[in-house]
Structure formats: structure tokens, C-alpha cells
Amino acid sequence: MGVTDAIESAGAYTPRYRIDADAFAEAWGTFDAPGVQRKAVPGADEDAVTMAVEAAKTALDGSAHDREGLAGLAFASTTPPVDEGDVAATVAEILGLDNTVETAAFTQSTGAGGSAIRWGTEVPDGPTLVVAADAPLGDPDDALDHAAGAGAVAFLLAEDGPVEIRETATYTEEFPGTRFRERGADAVDSYDATAYERDAYGTVVAGAVDALDEAPPAIAPTAPNGKRPYRAARRLDGDADVYETAGDLGDTGAAGPLFGLAAAWADGEDDVALVAFGDGASAVAVRVVGTLDASWDRETVDVSYAEYARKRGHVVETGGDD
Amino acid sequence: MGAYLSVPSWWRNLDGRYRLELGQCPDCGAHTFPAEGACVECNSTADFETVEPEGTGEVVAGTTITGGAPPEFADLQTQEGSFGVAVVELDEGARVPGMLTDCDPTTVERGDRVEAVVRRIYEQEGIVRYGVKFRPMD
């Protein structure tokens, strides 16, 4: 492992707004996101960058390191505000990190958070913020949009900390047509063959977990909905507990497995494999031992489907002043 | 018509836009925002020392924009409806204008405590302009 293979502090953020599955059912006559009871909805002035900043500030507040002392910043998201451009630099500038900080943006995969953690432990020569922030968007009548949530989680990696990153393992196998987003498109898409998608997820998640030297008692996998992680867990050796937050926050994309890990900690688990799965497909399993507090409690406000559709830009022509 | 601000002009003051960097007067100690020009308290033109505020303060004046927002804010108005704009007195004493977020703007009153958060202010020519807004504190 690298020089910064401990998590010193953590921070989590969710937007203020929530919508219930019932509000979708009322609007569409159906709700197509299994296991999602309610989910977080970003405000129109929020995106992966602004949510990342919120989570990162909380993680920094909980750290003994000050921001000038950070050597690295990794940003992970499937929804960066631009297709090209170093959005990690924007996050670093907003946080006021030193200009010597090394940045990296991990995107194009809901597994990006796992890659960012691996980079954070191996590459920068000192304390590193790893922040995964996401707000996936689908076509309004698609199950992917019914599941789409929002949120961010940040970990501050350092030499020492209450959580030890003990081991990582990977698994890669191509499953074309599982969740993807075409170049230039805002909405994620998929070939939509459920059994095939489940097989891709189950094979790759189990492949990464099985590649760990030691079977973890709990897993926190990427959660495209509130059901798939549990189904996949049945393929694992042993009887691992499963943690996900899709039931309550929706699909938080690249931030999903980090939210799952925080939920596992909140439940008293201290030996967990975070499994960052990205369709296509590949997964990074990161076994961490120890616990930290990363709460995302805040006052929330329920919105109607109409308000949801406006905030997400589904029913309005957006794109700025041009 | 909006008040067009070029990206280089915007960029020149990123520390103020992102973190409300203040200028502290070496003569009287008062804080000025943005950190340029003369001291708002004693009019001294001595060079400021730049300091970063906590980002908390209270609303001293505010209004709600219910329609006719400048074009760069049209999307926000379509998506979020009415939004608030306030003058906030930071705990360090400087007065800062800003938009309100994460609230029903009609419920925010003079004296309410707010904290700075960074949000998308607007997007223009494909470039997102991020900056501080104020959110009511719990």
C-alpha cells in the first residue's frame, strides 16, 4: 500500500430536497426504481462540484491537517459539469488548496470513487482529499431517472487515522451496453436487459470481493437501486452484510459505495469492503478496518414531482444565456 | 439586459467569489469586501492584509426577485422560482451582497443568521460561474 493508507476524517453531504416514490407513482402511474423509498434531489444551483465542496469542507474540518498541507485532491463523479476540463482544479480552488496540490478527476464510471481512493493512497506524496460527488440524470420515463439521487462523500487520506485501508482488489470483464452515457448526452442510458445487467453487476462485484485475501463481514457496493446490491451479495462466499443508501438517497452514482461505507460505520461495522462498481464493467474492492463518523443529517424539504422535474431541468429548456 | 462580466474579470477575484476573502485595514482593523480600494471604515488607502472570514453573518437587508431576472439568471428562476438577494453583514463586520439558497426567500428576515455556501451562480458561454450564496442556518 501507499503512504496515505488511512482515512483520517470523513464528510458527507446531501441536498436539501427529497422526493418520495409515491410522488413518482402519482406522476407516472408507476415507480421503476426497486428498493428506493425516497431520494435526494439537488437544487438547480447545485452540481457535482458544489456538493463535493460541501463534503470536502466537512472532512477538512474533522482533520488535523490544514488545507495548505494537502498534497492531493481526487474528484470522482459520473456527472462532472463539463466533458473536458479539470473540474478537480475548480474544487481545489474553491477550497483554497495550495497551488502545489496535485489533482485528478475520475469519471465515466460509477466506480470512479474506488479508483480515486486507490490514486489517493498511491500517488500524492502526503495527505489527500478524495471526494466522490454525483447527481445522475436519466430520461424522465426511465427507471434510471426514477432511481437518480444526489450527494457527496469525502475522505481525507493520511498516514494515520482511525480507519486503515488494508487491501484492494479489482475485477474487470466487458459487459457492453450496461449503463452508459453517449458523448454529449446528459441522460444515462442502458440496453435495458435486466437479467444481463444483474449478471454484469453480480459477476464483477463478486469478482472483486473474491479477489480480496480475506472475505469481509460487510460490503458497501455501488447501488444503482435499493435492491441490486442484496441480490448480488448472494453470489459471494460467506454471509456478508450489505450496506447501501439508495433506499433513502437514491442512486448516488460514484458516491454510492462511499455512502454505503458511511452507513456501515453508522451501524457499528468496522471491517467493510467498499466495492466501487462501474458498468462496462469493472470494480475496485477496498477493504477498510476501523470506523469514522460521516453523518449527512440536515433539515430536508419534500418536493412534488413537478418541482422535481423543474429542478432537474426535465421540463425546461436550460443551457444558460446563449 | 444583464451586466456582462468577462471571464478574466471574474477570475481576477476568485478568492472573493469562492471564499469571501476580506481586506483588513492595517490602520483601523476594519474589514472591507471586496479586498480592494479604500477601507470602508476609515477610508485609509494603505494596502489591505487579506483574511478569510468564517462565512457566517446576518441579513441586514433583502429582497425577493419574483420575475424579470437578468438573462443569466433566467434558468434559475424557471427551475427554482423566486429567489432571494440579501446584504449580509459578516461576523467580521464586512457587508457582502449575495443570493440566498436552500430556502423560501419570503421567510428570510433582517437579523436571520446565514452561512456562505458555494453554488452555481450562472452559466454563460458554456462556462459555469461558481460563487458564494447564503443559506439560512438551522
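Asp192(A) is placed in the loop that runs between β8 (163–172) and α6 (194–210) of chain A. In this predicted model, the phi angle of Asp192(A) is near 75 degrees, a positive value in a residue that is not glycine. Most residues other than glycine have a negative phi, and most peptide bonds are trans.

**Cis peptide bonds**

The bond from Gly280(A) to Ala281(A) is cis, with omega near 10 degrees. Ala281(A) belongs to the loop between β11 (271–278) and β12 (282–289) of chain A. In chain B, the bond from Phe33(B) to Pro34(B) is cis, and its omega is near -10 degrees. Pro34(B) is found in the loop between β2 (31–32) and β3 (49–51) of chain B.

**The interface of chain A and chain B**

The contact between the chains draws on 30 residues from chain A and 28 residues from chain B. About 2500 Å² of area is buried between chain A and chain B, and carbon and sulfur atoms give 44% of that area. Across this interface there are 18 residue pairs in polar contact, counted where both residues have pLDDT 80 or more. On the side of chain A that touches chain B, α2 (48–61), α3 (87–95) and α10 (305–311) of chain A each supply at least two residues. The largest share of that side, four residues, comes from α3(A). By class, the residues of the side of chain A that touches chain B comprise eight nonpolar, eight polar and 14 charged.

**Salt bridges**

Side chains of opposite charge can pair when their charged atoms come close. Over all chains, the structure holds 26 salt bridges, and eight salt bridges are found across the interface of chain A and chain B. Two examples are tabulated below.

| Salt bridge | N to O distance |
|---|---|
| Asp45(A) with Arg119(B) | 3.0 Å |
| Asp271(A) with Arg287(A) | 2.9 Å |

**The cavity in chain A**

The structure holds one cavity of 30 Å³ or more. The largest cavity has a volume of about 30 Å³. Its lining is made up of Thr110(A), Arg179(A), Thr222(A), Pro224(A), Asp251(A), Phe277(A) and Asp279(A). These lining residues divide into two nonpolar, two polar and three charged.

**Surroundings of Ala116(B)**

Ala116(B) is part of strand β7 (residues 113–124) of chain B. Apart from its neighbours within four places in sequence, Ala116(B) is in contact with Leu20(B), Gly55(B), Val132(B), Lys133(B) and Phe134(B). Pro53(B) stands 63 residues from Ala116(B) along the chain, and the C-alpha atoms of these two residues are separated by 9.9 Å.

Notes:
Residues are numbered from 1 along each chain as its sequence is written. Chains are lettered from A and ligands numbered from 1 in the order in which they are written. This is a predicted model: local features need pLDDT of at least 70, side-chain atom pairs count only at pLDDT 80 or more; totals for chains, interfaces and linings use all residues. Side-chain values use heavy atoms; hydrogens and water are left out. Contact means heavy atoms within 4.5 Å. Buried area is the accessible area (1.4 Å probe) that two parts lose on being put together, summed over both. A salt bridge is a side-chain nitrogen of Lys or Arg within 4 Å of a carboxyl oxygen of Asp or Glu. A polar contact is a pair of N or O atoms within 3.5 Å; within protein, one must be able to donate a hydrogen and the other to accept it, and residues adjacent in sequence count only if both atoms are side-chain atoms. Ala, Val, Leu, Ile, Met, Phe, Trp, Tyr, Cys and Pro count as nonpolar, Asp, Glu, Lys and Arg as charged, and the others, Gly among them, as polar. On a 1 Å grid over the protein atoms alone, a cavity is a set of points where a 1.4 Å probe fits but cannot get out, and a pocket is an open set with protein on both sides within 12 Å along at least five of seven lines; lining residues have an atom within 4 Å of a point. Grid points are joined across faces, edges and corners, and a volume is the space filled by probe spheres set on the points.
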